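Take a look at the sequence and the fold, and then go through the points by topic.

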Amino acid sequence: MRRLSELDLNLLVVFKHLMQARSVAGAAKKLCVTSSTVSKALAKLRDWFEDPLFIRTRQGLQPTQLSLTLEEELQAWFQLTDSIASLNSEAIPDGARFSLVMESPFYISFLSDLPMTIYQKYPHSVVKVLGWDHHSLNDIVNGDADLGFCARETHGRSQAKVNRLPYYLDHEVLFSDRPVAFLRRDHPLLAQRWSLDNFLACPQISVVWEASDSWALDNLLEDEGLNRQVPIMVASFEQALHIASQSSHELIAVAPSYCASYASRHHPNLMAMPLPLTEALYQQLEIAFILLWHKRHNHDAKVMWLRNEIRRLYGQESTQS
């Protein structure tokens with residue numbers, strides 16, 4: 001007989017959401033992870049319990065008899081873990097300091113309420129939220145920041161891949177995204193065929209990302225023997241979008257598609273267009289947006305609470321967007 005100590009208890013949380021959503025995609029959305037992550041977790045559960053647990057039907061995933069029994073048996077356990085989590089959050093000491101480093105404009109678009117959320121729950125705390133830059137990883141390692149939010153690329157040549165993070169940092173993927181082109185709604189490029197040649201013929205604004213002048217898009221184009229014209233480089237996506245919105249030039253900006261939420265509020269004359277790439281090439285530009293923290297904080301009440309609040313706030317805002 002297998003012992004419970006051999007089972008990753010996080011898999012039971014996935015099981016709980018699968019029972020509620022009756023779909024992999026639905027559970028993934030609740031957990032703020034990818035469908036692939038949930039599918040892998042389900043495969044591990046099936047292997048451990050030696051049961052399919054869910055049968056795919058037209059109505060969605062139907063639980064097996066074992067799953068129904070497990071749900072009933074685990075009900076008390078989940079109530080206990082929720083109670084323990086609540087106790088942990090209350091264990092945050094009065095006057096605690098909260099320090100976060102977060103990529104913008106994600107912070108502006110989805111987490112602008114976070115500082116006040118922290119302050120209202122812990123009124124004697126000190127809250128510091130700084131923008132993500134090339135020093136931020138060291139800040140997390142050195143203990144100067146509790147938690148970070150940033151992007152990691154998936155292109156094979158990128159230096160900013162998840163698997164290149166230091167081993168002593170942990171992370172979770174909050175969502176995945178792709179870069180898109182932002183241009184004015186009256187931009188002359190829109191009167192032409194939306195093709196890679198026309199896209200590359202247009203001058204662009206790029207963002208210096210973690211002290212690098214180029215990123216995965218440039219690596220991918222180089223592999224294809226191509227390159228883009230980048231006469232202007234700036235420090236943030238907000239600056240790039242601001243410049244792209246001006247009518248005095250024809251420059252366009254490339255930024256993650258989530259920036260559309262920010263652009264719609266601050267630059268309504270901009271529109272987003274998918275990059276004119278084949279699907280095989282576009283997939284190489286997938287971006288994983290992650291929360292990350294030092295392993296020493298894996299059971300730290302403050303960091304656990306912050307992660308839960310960020311998931312909650314992001315979930316609320318992304319649903320409304």
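This is a predicted model: local features need pLDDT of at least 70, side-chain atom pairs count only at pLDDT 80 or more; totals for chains, interfaces and linings use all residues.

Residues are numbered from 1 along each chain as its sequence is written, and side-chain values use heavy atoms, with hydrogens and water left out.

**Salt bridges**

- The structure holds twelve salt bridges, each being a side-chain nitrogen of Lys or Arg within 4 Å of a carboxyl oxygen of Asp or Glu.
- One of them joins Arg157 to Asp223, with the closest N and O atoms 2.7 Å apart.
- That pair links distant parts of the chain, as Arg157 sits in the loop between strand 5 and strand 6 (169-177) and Asp223 belongs to helix 9 (residues 216-223), 66 residues apart.
- Arg157 counts as partly exposed because its relative accessibility is 38%; Asp223 counts as partly exposed at 44%. (Buried means under 20% relative accessible area, exposed over 50%, and partly exposed in between, with a 1.4 Å probe and protein chains only.)
- Glu172 and Arg307 also meet through their side chains in a salt bridge, at 3.1 Å from N to O.
- Glu172 is in strand 6 and Arg307 in helix 13 (residues 301-320), so this pair ties together parts that are 135 residues apart in sequence.
- Both Glu172 and Arg307 are buried.
- Asp186 and Arg184 form a salt bridge as well, at 2.9 Å from N to O.
- In that pair, Asp186 is exposed, with a relative accessible area of 55%, whereas Arg184 is buried, with a relative accessible area of 4%.

- Helices (H or I, at least four residues) and strands (E, at least two) are DSSP runs, numbered from the N terminus.
- Strand 3 (residues 97-102) is largely enclosed by the rest of the structure, because five of its six residues are buried.
- Strand 3 runs parallel to strand 4 (residues 126-131), and six bridges join the two; strands count as paired if DSSP finds at least two bridges between them.
- Within this pairing, Ser99 has Lys128 of strand 4 as its bridge partner.
- Strand 3 also pairs with strand 5 (residues 147-153) in the parallel sense, over three bridges.
- Here Val101 stands opposite Gly148 of strand 5.

**Helix 1**

- Helix 1 (residues 10-21) has twelve residues and reaches 17 Å from its first C-alpha to its last, close to the 16 Å expected at 1.5 Å a residue; the expected span is 1.5 Å times one less than the number of residues.
- Leu11, Leu12, Val14, Phe15, His17, Leu18 and Met19 are buried in helix 1.
- Arg22 follows helix 1 and has a positive phi, near 55°.

**Cysteines**

- How many disulfides does the structure hold? There are zero, a disulfide being a pair of cysteine sulfur atoms within 2.5 Å.
- The sulfur of Cys150 has its closest cysteine sulfur in Cys259, 14 Å away, which is too far for a bond.
- Cys150 counts as buried because its relative accessibility is 0%, and Cys259 counts as buried at 0% too.
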